[in-house]
Amino acid sequence: MGWLDVEESHVPKEFEDLKAQFRDLEARTHKSMEEMLAHTPVTDASGNTFRSEPFSHYLTLSLTSVIVAFMALDERPTLTNYRMFCEAHDLFLKEEDQQYAGASDVQLQAESENFRKTVPAIPRVEGETLPAIRILEQYDAQYKKNETPAAKEAFFKLAEMVVANLRPTARAPQTYLKLFRQTLGLAKETEDKKDKPEPALDLNTLLAQLDALIGLKRVKEEVRQLTNYLKVEQMRKAQGLKTSDLSLHMVFYGNPGTGKTTVARLVAKIFRALGILSKGQLVEVDRAGLVAGYVGQTAIKVRSVVEKANGGLLFIDEAYALKTGSDNDFGQEAIETLLKMMEDLRDDFVVVAAGYPAEMKRFLEANPGLKSRFAKYLEFDDYSPEELMSIFESLCKTTDYEMSPKARKAIQAIFLKAWSTRDRTFGNGRFARNLFEEIVENQANRLVGMEKAEKAALMTIEVDDVPGQN
């Protein structure tokens, strides 16, 4: 989960590059492609001929088919994958015809939950040639071009992006990727290339990103202290001196929305920069991703998740839910399997168990074997009203909004009241994002009736947009 919302979309930069690549392909082939499609029969996978559409139609159909086919391996699409689907759908449409332009994460979250009801059939891209590829092959043959190979690689990269944003419980994504590669007719990827980790980021850059997070003073100090300790240990090792056999598995205590996942992601990258982890990826999972409903299946599920996280960090959210106390629960099997793998893979694998403070303390006290594996405990405090306001201001800045003085005062009052009456379910940064999105929607409802709104009006949040002011 993202630290500012239940789920937050982060469309990869590589996806923007892919969109540009497909736009360039369409523009480069447009004139000749129009001529070919006007005079050449177009056939589907079964060999049936049908009326041709512009090439952009087949590109859109192929892009969305790849995304839908792979995101359907999840029980419910992740928001990042669903946003990529939406952007692919609108890629070649005029601005006034775009269906998803400007849609917020909240709006897309609601729509993605009905994904399986709205898609009548999942495309079988791992067994059928994409329409755009069939047409490009005809185009290359007719005009003596060579556009198809690069397009095939681009479609496969798209599939890899979707797979990278699947949940840990997704159904056999690597198997479907392999089948899709075969269907595209691409050369077999070498193991060296497939297993090559992303380049490590600069340690000082990562620490600067940590410092730039709002609040979290104690957590930042703890992470910096651990980083300094590990750097010195590496210096000692380089000089042939003895080093401590320190476990790096950690516990993050904290209420929802306090930045636990964000910090875990940075810690994984910091450990990668220090050379402690070989890949530095973060795999996030909860009870459902580790515990199965049948005898013997839980251990398999845990091993699969850990193998995916090996070389990086496994973040277990609400870890205390692994053990419910029921005699018929398989959570204990998950814990025992995890404990063994934490020990076996300790040189290149870190676990962060996270959850509410009280529940996590009780959970660890009741599991001595689990408690002994964790050497570091970080407590994430609730955000203060001032920090919540800083989060809100950051959201405004990154989306070109600004507050009128009266609106600012009203929003500050909301944060103060929410903080002073908070309980354990208080959403912290998530609460700030939800409020921001509600206010932006209220502003849109206020402005939509204007025939031509000025730029300043489109950017300004007024007091009437703030909930509870009317």
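Helix 11, residues 217-238, supplies the largest share of the lining of the second largest pocket, with five residues. The model is a predicted one. The volume of this second largest pocket is about 510 Å³. Its lining is made of 21 residues, and those closest to the pocket's centre are L230, S244, L246, L248 and I276. What classes of residue make up the lining of the second largest pocket? Nine of the lining residues are nonpolar, six are polar and six are charged.

The next element to look at is helix 10, which spans residues 203-212 and packs with helix 12, residues 260-273. The axes of helix 10 and helix 12 are 9 Å apart, and the angle between them is about 160°. Angles over 145 degrees count as roughly antiparallel, and helix 10 and helix 12 are therefore roughly antiparallel to each other. Their crossing is left-handed. On the side of helix 10, the residues in contact are L203, L206, L207, Q209 and L210, and they meet L266, K269, I270 and A273 of helix 12. Sorted by class, this contact of helix 10 with helix 12 holds seven nonpolar residues, one polar residue and one charged residue.

Is the crossing of helix 2 and helix 7 left-handed or right-handed? The crossing of these two helices is right-handed. From helix 2, the residues L59, S62, L63, V66, I67, F70 and M71 meet F155, L158, A159, V162 and V163 in helix 7. The contact of helix 2 with helix 7 has 11 nonpolar residues and one polar residue, with no charged residues.

The other partner of helix 2 is helix 6, residues 131-143. Here the axes lie 7 Å apart, and the packing angle is about 140°. That angle makes helix 2 oblique to helix 6. Helix 2 contributes F55, Y58, L59, L61 and S62 to the contact, while helix 6 contributes P131, A132, I135 and L136. By class, the contact of helix 2 with helix 6 has eight nonpolar residues, one polar residue and no charged residues. L59 and S62 of helix 2 are among the residues that meet helix 7, and L59 and S62 also take part in the contact with helix 6.

Terms used:
Residues numbered from 1 in each chain as written. Predicted model: local features only at pLDDT ≥ 70, side-chain atom pairs only at ≥ 80, totals over all residues. Heavy atoms only, no water. Axes fitted to C-alpha atoms, helices over the stretch in contact; angles between N-to-C directions. Helix = DSSP H or I, 4+ residues; strand = E, 2+ residues; numbered from the N terminus. Parallel < 35°, antiparallel > 145°, perpendicular 65-115°, else oblique. Left-handed = near helix turned anticlockwise from the far one by under 90°. Contact = heavy atoms within 4.5 Å. Nonpolar A, V, L, I, M, F, W, Y, C, P; charged D, E, K, R; others polar. 1 Å grid on protein atoms, 1.4 Å probe; cavity = no way out; pocket = protein on both sides within 12 Å on 5 of 7 lines; lining within 4 Å. Points joined across faces, edges and corners; volume = space filled by probe spheres on them.
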